[in-house]
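This report goes through a predicted model.

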Amino acid sequence: MSRPRFVTLHPKDTGFGLPRAFWGHPYTFTPRADQDGRDTDDDDDDDTESFGLDPATMRTMTTSGMYFNMISPEKQFVNALIEKKIKRLEALDTSELERSDYILNIQLTGEESVKVWRRVKISGGLSLAVLADKIITPLMGWTRNYHAHLWTDFKDGSVFGPKDCRAIDMMWINQRGWESIPEPKWKVAHMWRKPGDVIEWLYDLGDRWEHDVLCESVFPASESNGKVEVLDGFGACPREDGKTVTHWKEDLEKLSTGDYKEKREILLQIYSSMNYKDKGLTPWANPYFDPTSFDKAEAVAAVEDALSLPGSHRQGSKTWMLPLASDALKKHEEGMKGKKVHTMNTPEDGGFLVESTTGKRDGLSARVCSMCGTPHNLRLWVSNQISFGARPAYAHLPLGTQPVVPSTIAAGNVKRCVDMFAEG
């Protein structure tokens, strides 16, 4: 039997179902281009009889027990690719681009008839983690810290994602690259080097909501202020846990042409979903759902709210828990030592929705101004200066200015941090 050129197989692993790419060498690996000419590390060319399952899942099921004490061949190969990519990223000069403002266009893809897009101005100094958690997720209308996400760089197929994420949909990571480069260290300036560059942002690895994030323009650093600004948008966000964009298209068609019972059922599903349930909508009071609608004020408020709060604790993602014992929730809290566990509903909803937070301020890579979103010239303000629910917050101090800060500034009272500073 032939052996792979680079990876080491478990003695009991025949290599059945291992994609062809992994039999070669990562240093000579060339990603396959998709139908649009963009490189991706997906490799679906194998002869596995998958019994209705995708090849990656089928192979995981048949070999997972072999690799408890060694790294799987897929991860061995991908880890070598990650090392190559990191070296290339570290060699980039991003000093000018990190001080430059970008205009990004985020568009949901997959179905021509489903049009959902947003445009936003951001700083090139933002980390991918902040861009995903505090900008794109709330801007599109998704739910923070509920599902996992991944970035795919179409220049070479490399994948980036949150570190140590425990969202339930991480079980599907093998369908999208087996491993990802931890996103906190890398910034917008590393990924989008010029106008026209496109990076894919995948939200929810199970339902696979794919977004193309296009760089429309890059401003010179001398003309940039680093602040986040929601520019425009179109289309209502699909409901959470709505399966796929194809299912969403079918739901919208039923809302347009279905009978009364079908329409009411779809509206109930939308209005009770995670990202719509707090809007107070009902099929009876709100019988018409406009898939073309975009509320800019609502999007701005969602982004401002995300900026004012700490970054999501990915090890404590929102999870449904159905307690089988009366003290199950207590035991879950005890298992999250050093973390605070929040319950966001009652058992009557079919179990508890729980999320954990650390209570700590954001790490260095995730720090942005709590009011305008710039990553530059930050100062930490706490307790008797700026207080967001007793949490320390960051505000930026423009060069040549002096802070003029009231004793207490409640969240929502100050919309732009520039209002806090007097001209020097």
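## The sheet and its edges

Eight strands make up an open sheet with mixed pairing, in the order E7-E6-E5-E8-E9-E3-E4-E10. Strand E7 (181-182) and strand E10 (229-234) are the edge strands; each has a single partner strand, so one side of each lacks a neighbour in the sheet.

Helix H4 (residues 128-140) packs on this sheet. The strands that H4 touches are E3 (101-108), E4 (117-123), E5 (149-153), E6 (158-161), E8, E9 and E10. The direction of H4 makes about 145° with that of E4.

## Strand pairs

Strand E8 (residues 198-203) and strand E9 (residues 209-218) run antiparallel and are joined by six bridges. Within this pair, Val198 has Leu214 in E9 as its bridge partner.

Strands E5 and E6 are also paired in the antiparallel sense, over three bridges. Here Trp151 stands opposite Phe160 in E6. The hairpin of E5 and E6 has four residues between the strands, and in it Gly157 takes a positive phi near 80°.

On to the pair of E6 and E7: the sense is parallel, and there are two bridges. Gly161 stands opposite Pro182 in E7. As for the side chains and faces of E6, Ser158 and Phe160 point one way from the strand, while Val159 and Gly161 point the other way. All four of these residues, Ser158, Val159, Phe160 and Gly161, are buried.

## Packing of H4 on H8

Which way does H4 run relative to helix H8? The two helices, H4 and H8 (residues 296-308), pack at an angle of about 150°, and their axes are 8 Å apart. Angles over 145 degrees count as roughly antiparallel, so H4 is roughly antiparallel to H8. Their crossing is right-handed.

From H4, the residues in this contact are Lys134, Ile135, Pro138 and Leu139. They meet Ala299, Ala302, Val303, Ala306 and Leu307 in H8. By class, the residues of the contact comprise eight nonpolar, no polar and one charged.

## Thr292, in a loop

Thr292 lies in the loop between helix H7 (260-271) and H8. Is Thr292 buried, exposed or partly exposed? Its relative accessible area is 40%, so Thr292 is partly exposed.

Leaving aside neighbours within four places in sequence, the contacts of Thr292 are with Phe234, Gly235 and Ala236. Phe234 is 58 residues from Thr292 along the chain, yet the C-alpha atoms of the two are separated by 6.1 Å. Phe234 belongs to strand E10 (229-234), one of the strands at the edges of the sheet.

## Glu90, in helix H2

Glu90 is placed in helix H2 (residues 73-90). With a relative accessible area of 48%, Glu90 is partly exposed; the cut-off for exposed is over 50%.

Which residues does Glu90 touch, not counting residues up to four places away in sequence? They are Lys185 and Trp186. Along the chain, Glu90 and Trp186 are 96 residues apart, and their C-alpha atoms are separated by 9.4 Å.

Notes
Residues are numbered from 1 along each chain as its sequence is written. This is a predicted model: local features need pLDDT of at least 70, side-chain atom pairs count only at pLDDT 80 or more; totals for chains, interfaces and linings use all residues. Side-chain values use heavy atoms; hydrogens and water are left out. Two strands pair if DSSP finds at least two bridges between them. Contact means heavy atoms within 4.5 Å. Axes are lines fitted to C-alpha atoms, for helices over the stretch in contact, and angles run from 0 to 180 degrees between N-to-C directions. Angles under 35 degrees count as roughly parallel, over 145 as roughly antiparallel, 65 to 115 as roughly perpendicular and the rest as oblique. A crossing is left-handed if the near helix is turned anticlockwise from the far one by less than a right angle, and right-handed if clockwise. Ala, Val, Leu, Ile, Met, Phe, Trp, Tyr, Cys and Pro count as nonpolar, Asp, Glu, Lys and Arg as charged, and the others, Gly among them, as polar. Buried means under 20% relative accessible area, exposed over 50%, partly exposed in between (1.4 Å probe, protein chains only).
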